[in-house]
Amino acid sequence: MEKGYLSLILHAHLPFVRHPEHEEFLEERWLFEAITETYIPLLEMMEGLANDGVDFSLTINLSPTLCNMLSDELLKERYVKYIDKTIELCGKEIERTRSEPAFQKLAIMYYNKFTVTKEVFLNTYQRNLIAAFKKFQDAGFLEIITCAATHGFLPLLNTSAEAIRAQLRVGVNSYRKFFSSDPRGIWLPECGYFEGLDKFLKEEGIKYFILETHGVLFAHPRPKYGVYSSYYTKNKVAVFGRDSESSKSVWSSVEGYPGDYDYREYYRDIGFDLDYDYIKPYISPCGKRISTGIKYYRITGETPHKKPYMFESACEKAAEHAANFMFNREKQIEHLHSTLGRNPIVVTPYDAELFGHWWFEGVQWLNFLIRKVACDQNTIKLTTPSRYSKAYSKNQVINPAASSWGWKGYSEVWLNNSNHWIYPHLHRAQEMMVAAVKNHGHSANVKTRVLNQMARELLLAQSSDWAFMMKTGHFSEYAKKRTTSHLERFYLLKDCLDRESFDRGVIEGIEKKDNIFPEINYSVYQS
Amino acid sequence: MLPSSYEDNRIVLLPRDPWWLHTYWDIAQSRIEEVISLIPSSDRDNLKWVLRVYDVSGVDRHKVSNANNFFDIDINLAAGNWYINANCPGKEWCVEIGLKSLSGKFFAVLRSNVVKTPGFGISSILDEEWLAMEEEYFKILGVYDLGRSSLERRKRIEKFFIEQISSPLALWGSTQSEQDEIPAVKTPNK
């Protein structure tokens, strides 16, 4: 009999980036890279597990913005172009590296990998990755949970109840559309929680959510089992806390596995290393050097002199690290089992894009881990929060503490000198949205369209990704532009309503650009 | 272009973490003039702008007149926003922006919403039904040596949590190269 449970939770999210007004758009590559390096490898991993009869249980959050992009025809078309071009580059690389066997071997590896990826995308999954994930949910291996509509950081939008409700309700409705069922769980954007959020979650029918460790540990009254159990909030929504010990072994740049010297070096990419004229057709349309996804070196050590990547030894390391992770979880769960007097749950959430994209060997690590847990031991069993809740329905009632899983544990990443200028605009737009629905909400035809599009623009402006990018400095200009342009479109549409003057061409233009949530209904902003 | 000012007479308060608050404001000139006109002429010289920060924890309807206490911060009105070191987790706060005379009289111009700073630390409230022994409880969390005195104990626990929470914005690989590389997808920061 098992002595406890491990719940692996992946949070897959990208902000909505889609620019039909440009032939090619650099930031759209985030999606293409994530499809190639993370989403398809995860699906293939699950195919392999299912084919081999391995019983497994995973939880994944596919954010509503990601689902909207994965189902978008234009982005699918562009993805095929992207992968074709990458394959073409691999072909050239095989030729270029013919006198360097260590590199040519890798060029061939990439060529094969990308060719298979394209084949799987087009033929196996028929361009429909959402259906591919859904298949595993329907088979009982995977639990897909939702997220707030555009990944808005809720603690900083909480100047109006309607804004919180809309982020949640649009996220839940989007899930229903894609997965034909109600979401049981929600991934709160950045695990951002404020006191009272559970009431909103209850209203949307959410059964559970996940918090950063201190969100549970600092709850009142003191949670008896630390983060190793589920609890109920007073509105009877279940809450789980992240285990920091197991998270660290993967996340930490010091102690974490991904920094191992045998693993692939993320920061050495041929997009930067090779002759400019040679690589020019494969980098940014404006001529700026960027990652191509083709990387030939291993981390090697604290040195700029990197050695060629060796796939086999990296693979062995991933197996070793999976064994180490499992061993530590066994010890942890044995200890907790004897201390708690009931089967603990260890909840380990990660950004999905860590696996494959950042940590090239991450999906293999996960694959090894799942197989080992299934075959090599009896202490741990994989579970999902839903399953655990079913088995342990009697739980202590706590009031979780405001918290997030961002740097320093609260709101500072999204509220500092680099990005605090957005809140006066966002908060006012939230109020104006509620007022516009109140004033014009009973009318039909074109006003309905305008109100719906205003809701889309507001939600897009609220994505926490923009504030995050302003803070880190990566793509901060783009992030500022996105925040500003959605708010500007919002005001332009509001102006149409106020003046009762509707230029259909303008409205259609905006609808075509920001076509997220086609099913949206502005009534989510009704007060 | 987004408006640089809305002149809609508002001050908004946001909690940043257990110790810090953030506030922004937007005041119409007419509102300032209105308040000044109500100030006795003897007090009108050398007025300065301040934020009055009220602790309204547990106060009925959060009335600032019944606040537990307050403190003032000199500000630059044109800054439009301010970070406030309230330094007190788990409390409810409200701010007023206003003018203060040389003699110390305060004339409020606008009042904010009420927010609560996140609590910090393990709750001392215990559920009888779910009672756990202190030592045993901290063992679950991985704190084995609690120290002898209660002060020492409190310090160790807080240190433990601050270390747990303060994860740096880390990047993998050896060193991020000098090249103008921009990581696609999100920079891992957990």
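Analyst: Buried means under 20% relative accessible area, exposed means over 50%, and partly exposed covers what is in between. With those cut-offs, Arg449(A) at 26% relative accessibility counts as partly exposed. The model is a predicted one, and 48 salt bridges occur in it over all chains.

Arg449(A) forms one of these salt bridges with Glu511(A), the two side chains meeting at 2.8 Å, N to O. Arg449(A) sits in helix 16 (residues 445-461) of chain A and Glu511(A) in helix 19 (residues 504-513) of chain A, so the pair ties together parts that are 62 residues apart in sequence.

Another pair in chain A is Lys317(A) with Asp262(A), whose side chains form a salt bridge at 3.1 Å, N to O. Here Lys317(A) belongs to helix 12 (residues 311-340) of chain A, while Asp262(A) is in the loop between helix 9 (244-251) and helix 10 (270-273) of chain A, so parts 55 residues apart in sequence are tied together. Lys317(A) has 17% relative accessibility and therefore counts as buried. Asp262(A), with a relative accessible area of 22%, is partly exposed.

In chain B, the side chains of Glu34(B) and Arg31(B) meet in a salt bridge at 3.4 Å, N to O. These two residues are three apart in helix 1 (residues 29-38) of chain B, so about one helical turn separates Glu34(B) from Arg31(B). Glu34(B) is partly exposed, with a relative accessible area of 42%, and Arg31(B), at 21% relative accessibility, is partly exposed as well.

A network of salt bridges links Arg428(A), Glu431(A), Asp8(B), Arg10(B) and Asp26(B). For the setting on the chain B side, strand 1 covers residues 10-15 and strand 2 covers residues 20-26. Strand 1 and strand 2 of chain B run antiparallel and are joined by six bridges. They form a hairpin with four residues between them, and within it Ile11(B) stands opposite Trp25(B) of strand 2. Strand 2 of chain B also pairs in the antiparallel sense with strand 5 (residues 81-85) of chain B, over five bridges. In that pairing, Leu21(B) has Ile84(B) in strand 5 as its bridge partner. Six of the seven residues of strand 2 of chain B are buried, so the strand is largely enclosed by the rest of the structure.

Notes:
Residues numbered from 1 in each chain as written. Chains lettered and ligands numbered in written order. Predicted model: local features only at pLDDT ≥ 70, side-chain atom pairs only at ≥ 80, totals over all residues. Heavy atoms only, no water. Buried < 20%, exposed > 50% of the residue type's maximum accessible area, 1.4 Å probe, protein only. Pairing = 2+ DSSP bridges. Salt bridge = Lys/Arg side-chain N within 4 Å of Asp/Glu carboxyl O.
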